[in-house]
Amino acid sequence: MPSPEQKQNFAILRDRILAQEGKEYWRSVEEFVDAPEFAEFVSREYPHEIEEWDDSLSRRKFVKVMGASLALAGLAGCVIQPNEQIVPYVKSPEGQLPGKPNFYATAMSLAGVAVGLLAKQYEGRPVKVEGNPDHPGSQGATDVLAQASILGMYDPDRSQEVTYRGNSKSWETFSSELRAAIEENRKDGGAGVRFLTETVTSPTLIDQFTKLKSELPNSKWVQYEPVNKDNAMAGAKMAFGSPVQTIYKFDKAERILSLDCDLFSSFNVGYIKDYAKGRNYSEEHKEINRLYCVESTITITGAKADHRLGVKPSQMPEIAKAIAKAVGVAGATSSYTENAAWIAAMAKDLVEHRGKSLVVVGDNQPPIVHAIAHAINGTLGNAGQTVVYADPFSPNSDKLQLDQLRELITEIDGGQVKMLVILDGNPVYTTPADLKLDVPRMNKIPMRVHLGSYSDETAELCHWHVHGKHYLEGWSDGRAYDGTATICQPLILPLYDGKNAHEVVQLFFRENFDKKDYDIVRAYWSAQSALTARPTAAAATATAGNTAHAANAVTSTSNPVAAKSARAANTAAPAAAPASAASSLEDSWRRAIHNGVVANTAATPKSVTANTAFLNQPQPAKPSGGDLEISILPDPCVYDGRFTNNGWLQELPNPLNKVTWENVALVSPRTAERLKINLGNDKREFSGGARGTAFINTRGTNMASDLMTLTYQGGKIEKPVPMWITPGQPDDVITIFMGYGRTRAGRIGTGLGYNAFDVRRSDAMDHGFGSIAATGEQGNVVSTQIHFNMEGRDILRVWDLEEFEKNPMMGHQHNEIDKSMYPHEQHEAVYEKNNKWGMTIDLNSCVGCNACVLACQSENNIPVVGKEQVERHRMMHWLRVDTYFAGDIDKPDGPSFQPVLCQQCEQAPCEVVCPVHATVHSAEGLNDMVYNRCVGTRYCSNNCPYKVRRFNFLLYQDWNTPQYKLMRNPEVTIRSRGVMEKCTYCTQRIAQARIEAEKDARPIRDGEIVTACQAVCPTDAITFGDMHDKESAVAKTKKDHRGYNLLNELNTQPRTTYLAGLRNLNKEMPDFKLPVNNARREDGVEPGPEGNKY
Amino acid sequence: MQTDKELEQKLHPAMVEGDHTFGSVSDKIGDVTLKKRTPFHWFIGFAIAFMIAQLLLFTTMWLLANGIGIWGNNQPVGWAFDIINFVWWIGIGHAGTLISAILLLLNQKWRTSINRFAEAMTLFAVACAAMFPLLHTGRPWLAAYWLFPYPNTMGIWPQFRSPLIWDVFAVSTYATVSLLFWYVGLIPDFATLRDRAKNKFFKFMYAILSWGWRGSARHWHRYELAYLILAGLSTPLVLSVHSIVSLDFSVAQIPGWHATIFPPYFVAGAIFAGFAMVLILCIPLRHWYRMQDFITHTHLIYMGKVMLATGLIVVYGYAMEAFFGWYSGSQYEYFMIKNRIWEGPYWFFYWLLIFCNGISIQFLWFKRFRESEFWLFVISIIVSLGMWLERFVIIVTSLNRDFLPSSWAMYSPRIFDLTMFIGTIGFFFTLIYLFVRFVPIISIFEVRTLLPDANVHGHQQDFDESVLEIEYTYDKTDPPNQ
């Protein structure tokens, strides 16, 4: 007879084993052999064999363990399903229609900057995020990190329970034990309590910490994250005497100088949107802005800049001074003498655009550069015009994060820290090597608590780990780059009942410690004047319209842009005066949540004047040593490592070198030649460039890269670093990226790449000196593109703006259909009755940020194939961004970016060769893919000149993980093995718009359909619509003289066309040179009014 | 001065050597299947071939379980070993029908002693080839019938514009006609074996296979007609099948595929490859089974000459491909040729191909090589390899670098590509071994028509007359049911 205890043991064992996944079964069984519960369990079960049990491994024991493990593992299948009753809706919840998505406004924060989102939700499951058009930090667009956050939420590797030393505990146990410990600490006012967070701008959380100060006056709150605004704050302090938040107004800037600022990188969506307003070229807007870029590591910003100067990181302060001198900043002197003509011409241009120019600085530049930029902007009269200042959004900004961390580490070393509460972030991994929160330091703290989404490196070293909520699961708030507050609402109940920082901090209060995040956030905002103030008349109108929807959902429409217009229609509803103060608060609260922004919370500009005295102050000695400079940057895909376990981001090709699934070190071709890096491969990698065309970077499907030992400021990166030759990288500068080398990231991210935090030091956070040495080994670096040379083909057009305006017909293409013997009017007549979908991609606008790639992946349920399959060149992205370098290899022109998706050819080469009619032409001109009919001959892919078709060589979709089942877009088929797939202009969105239009018996409006890639694009490079409608946006772009068909000579008559990229070159610049393919023209072609008949 | 006899010998070399009578021909050929103990080398060879064929079985199983991702095919290179092997095997299959049908219609008597196993080779090669178009699809369980125009409630038909559908018809027609042709030709010989078999089981089997053939004049008359009609049907097929297979490529617009020269060039290549394979098979066969009397040196020399002629056509094709690449004025075509010949990563395979198919056959101009069994065998092996490389070069080097350089990628085979290919070779030889053991490898009754006894009226008499002659002597020399 089994005793009750035995049953309990059994349950514990079972629970523990069930908590493991996959291969963990086996490991955990081994662990259980040592676990007392297990021994007890077995001894009760087999009393006569207890003696044998403690023997070292014998055959009998082995068989027994195996048997027990199989039995236990098998229990997963023996669980009796709970007796549940399924009750259908008697009255369906308002605003919820099965199969109809709802959009809810929320926001995602990163490094204290919130980007407003509209999350799309089907029956309670968020499946896609879009930008919030009303949010200044988004303006309707998003970036790769926000797009990938959906996968992050459903990640099965997220930690799913509260653990104490790795053992599962309940939240109640945790809160009671934590509160007992807090009571201990109250005696000395919390002198031993330290909170360690990332950059916090959440007003509610700041408020909580402020209030906590009265209860635990001696506790300290430390903010640290590896990519922070320390330099900017220190620079502002230098220039203005106090830290300020710098807010740029790119839309007002006509001349922009970037000093190593990767403007187009992630989480700058609002800025990119503003920049694009000044950059996008059209008949109405011909004066486009000009971007100068002085940078060390080549970035997409540098690639898109009209004039780019690649310099060593250590030269930046002197260059900044030289620029300051050239624009006339009082007291500026510089020892930098190179590129004098470049600086002079550029400075002249800036000066000529006083008040309309803008100097921006990257966060990785030392404070002095920031200070100089403030001085330059002041001198140029930009302050208050293109750049405004405000008080910092994050508290304690006058104390650098690094100093806060340093102080914390000193206190830990001094044994003063009794309790460390780490709220989000992974400091054990991200702290600098000399301030590492390592095992000995952590062991000095008697109580360590970690809140985080993953059981990561930090969780491992903490006693308590609380599983965090994803931002889509909890209530919070945040501030955009300009200070606008957003209340973030959850889209789903927490998948694993996680907690967020608000709730953990709340535990420290005597009263109301078990408040839920909703109550906390609501309570905070109820007291804020932004909500309690009486709404103005216009706002009241909007409120009345909006409150007509009982739910907070925007509206049930196919896309957020349409949602916005629907909402605009609502504002026309007659105003109903707010009845009382209470309902007014409720209305404001609802409105704030509904709109995704709290009205009038943008930061008030602060008037400050730059004091140039700092120019004369002695600067701290520069780190020196060696002739090889090393720069450390966050990875363009996985950022600082928090997204390492995200498969979409891992497989997202790095914008410049298309590397996936790991980080590489960038090195210039000349330095590579000097240091004999990657020369063993193929000399032609370089020779192509030397001939003045471009360069070839190829050896097979992947690049065989030299693995080097890299030392930085005396520290050595543990894992060998693969080198990647990148034209445009300054000579003698090696760039390494953070975010990899994780040891506890999860199934996806663990073990990939090298760890830059091994060597990053507090005295050289962003760049320093180092050396590399060959290990003699080579590794395969996996990239999705291995040839970056256009081979002289007319693929990606980039022209000089002035040349183009002189001769607008320079790129005119002959329409190949005219040469056809067959009458095509008949063919065309088919489309007269129907919509005729078309797309235009403006290569002038496109900055290569990759957001479209992930938006497509998220919208269309595109699987991740894994490193090995990418290495075999079988990635599945329906939309890719091609990158081509042109010009001299040492000073490349570009690279330039070209998003390539299915061109929806009118004369599609894929259609005629399919033996089973699996790819057919729709009556609206789409090249449809019938997945059910496809047998997978791959003939269509072979015959596609654009190579946009993707084949499921293996079963790439994960059919088993339950979380992923919730994540997928229900409107798009999950493709199986052996089937070809490709872009169909988001045909599900077209269908949805058509249904709406037919219900109203009206034609589909222009702009009603927004494809996923179009919606996400921060530069509005993509235009989609009906080409029949002469007034439609797409019809207008089709008339642009920059338009061209890719591979026009094949007469595929693509519906997707491109608009040539433009460079707004300054003729006075010493590096002025017409783009390589500037004067491409087809000989003997008569310019006609319309290039593309289809 | 040449005597009349010498001149005669030179103009019309004897196709059967040695002092043979009708009876001895039947004995010699029939005994391989009936009387002789199965030679030890047969068991060895069969065992090896059968083991290798298991690779095919295993690979196919693995393939169906996991998908074609187990191969090396990738995004730009959607077709690789699968279609290379398909085209290669189909090409090999061509010689059989050419020998049987076209040479029959052209009244080339030397075909008679090699046509039987050449046709068998055709069938087996087509069997190997037909596997690939099916198994290379992502979902073969559907492709197996969706490619056929079967009536269904959905009213969906295959897409008749796709060359893959033409392939389905071309290959299945070819396989059917070849099988019939082969089998019809076998009926009189099966009857012979039936009559001579001692083993009850074999007698029974051969009796069934020979469809009650008694050798009456009416039988012979109908046989003649049927054989001639099938020959007439097969003749256009020899040209059509490989033309259509070549259209898989030339209909596509990939540079390196999109060429008008493909149909004749592929047909010549197929005959070239087919004759090479016939030589590879018949040189060892005539030794092992002492068939030198029937498969004479003259046969080998003739086949060498056909190889040389078709090989030269193929080389002309290579030259034209390069010429078109330059003359087309299309940068893509020009790049393709450049990439294929010297700049691309696969240049080595191109030059290996030129060596195998272009250089090696030049030796056949010389009598010394043409008349040497050893050199013919070696050259045939080289040519077979070369013809495989030709398809590799056409398929892989065209696909790996096409229009947009961003999509370029390399292809390299993986282990299952190799096991699949080697497995089909094993399967092919397994079938060949079974054929050699159970079916007369040389047409008994046709060889008898070559004997002087059958030519009592001199050399000018046509085939029909010689058959009548056999009929006349049939009862005397080979009475049924002895």
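Helices (H or I, at least four residues) and strands (E, at least two) are DSSP runs, numbered from the N terminus. With that in hand, here are the legends for the close-up views. This is a predicted model, in which local features need pLDDT of at least 70 and side-chain atom pairs count only at pLDDT 80 or more, while totals for chains, interfaces and linings use all residues. Residues are numbered from 1 along each chain as its sequence is written, chains are lettered from A and ligands numbered from 1 in the order in which they are written, and side-chain values use heavy atoms, with hydrogens and water left out.

**View 1. Chain A as a whole.** Let's start with chain A, which holds 37 helices and 37 strands. Of its 1094 residues, 63% count as buried; here buried means under 20% relative accessible area, exposed means over 50%, and partly exposed is in between (1.4 Å probe, protein chains only). Accessible areas come from the Shrake-Rupley method with a 1.4 Å probe, and for residues only the protein chains shown count as cover. Among contacts (heavy atoms within 4.5 Å) in chain A with a separation of 6 or more, 75% are between residues 24 or more positions apart.

**View 2. Chain B as a whole.** Chain B has 19 helices and 0 strands. Of the 482 residues in chain B, 60% count as buried. Its accessible surface is about 19600 Å², and 70% of that belongs to carbon and sulfur atoms. For contacts in chain B between residues at least 6 apart in sequence, 80% join residues at least 24 apart.

**View 3. Where chain B meets chain A.** Here 60 residues of chain B are in contact with 60 residues of chain A. The size of an interface is often given as the accessible area lost when the parts come together. For this pair of chains about 4800 Å² is buried, 51% of it on carbon and sulfur atoms; buried area is the accessible area (1.4 Å probe) that two parts lose on being put together, summed over both. The rule finds 37 residue pairs in polar contact across the interface, both residues at pLDDT 80 or more. On the side of chain B that touches chain A, the elements giving two or more residues are helix H3 (40-66), helix H7 (140-146), helix H8 (163-196), helix H10 (217-250) and helix H13 (331-343) of chain B. By class, this side of chain B has 35 nonpolar, 17 polar and 8 charged residues. Ala, Val, Leu, Ile, Met, Phe, Trp, Tyr, Cys and Pro count as nonpolar, Asp, Glu, Lys and Arg as charged, and the others, Gly among them, as polar.

A polar contact is a pair of N or O atoms within 3.5 Å; within protein, one must be able to donate a hydrogen and the other to accept it, and residues adjacent in sequence count only if both atoms are side-chain atoms.

**View 4. A salt bridge between the chains.** A salt bridge is a side-chain nitrogen of Lys or Arg within 4 Å of a carboxyl oxygen of Asp or Glu. Chain B and chain A share 2 salt bridges. One of them joins A:Lys947 to B:Asp402, with the closest N and O atoms 2.8 Å apart.

**View 5. A:Glu318 and its neighbours.** Look for A:Glu318 in helix H12 (residues 316-327) of chain A. A:Glu318 forms a salt bridge with A:Lys321, and the closest N and O atoms are 3.4 Å apart. The two residues are separated by about one helical turn, because they sit 3 residues apart in helix H12 of chain A. A:Lys321 counts as buried, at 11% relative accessibility. Leaving aside residues up to four places away in sequence, A:Glu318 touches A:Ser334, A:Ser335 and A:Tyr336. A polar atom of the A:Glu318 side chain lies 2.9 Å from the backbone nitrogen of A:Ser335.

**View 6. A:Asp731 with A:Arg670.** These two form a salt bridge, the closest N and O atoms being 2.8 Å apart. A:Asp731 lies in the loop between strand S23 (721-725) and strand S24 (733-737) of chain A and A:Arg670 lies in helix H26 (residues 669-674) of chain A, so the pair ties together parts that are 61 residues apart in sequence. A:Asp731 is partly exposed at 25% relative accessibility, and A:Arg670 is partly exposed with a relative accessible area of 46%.

**View 7. A buried pair and a network.** A:Glu981 and A:Arg975 meet through their side chains in a salt bridge (2.9 Å, N to O), and both residues are buried. A network of salt bridges links A:Lys120, A:Lys128, A:Glu130, A:Glu859 and A:Arg989.
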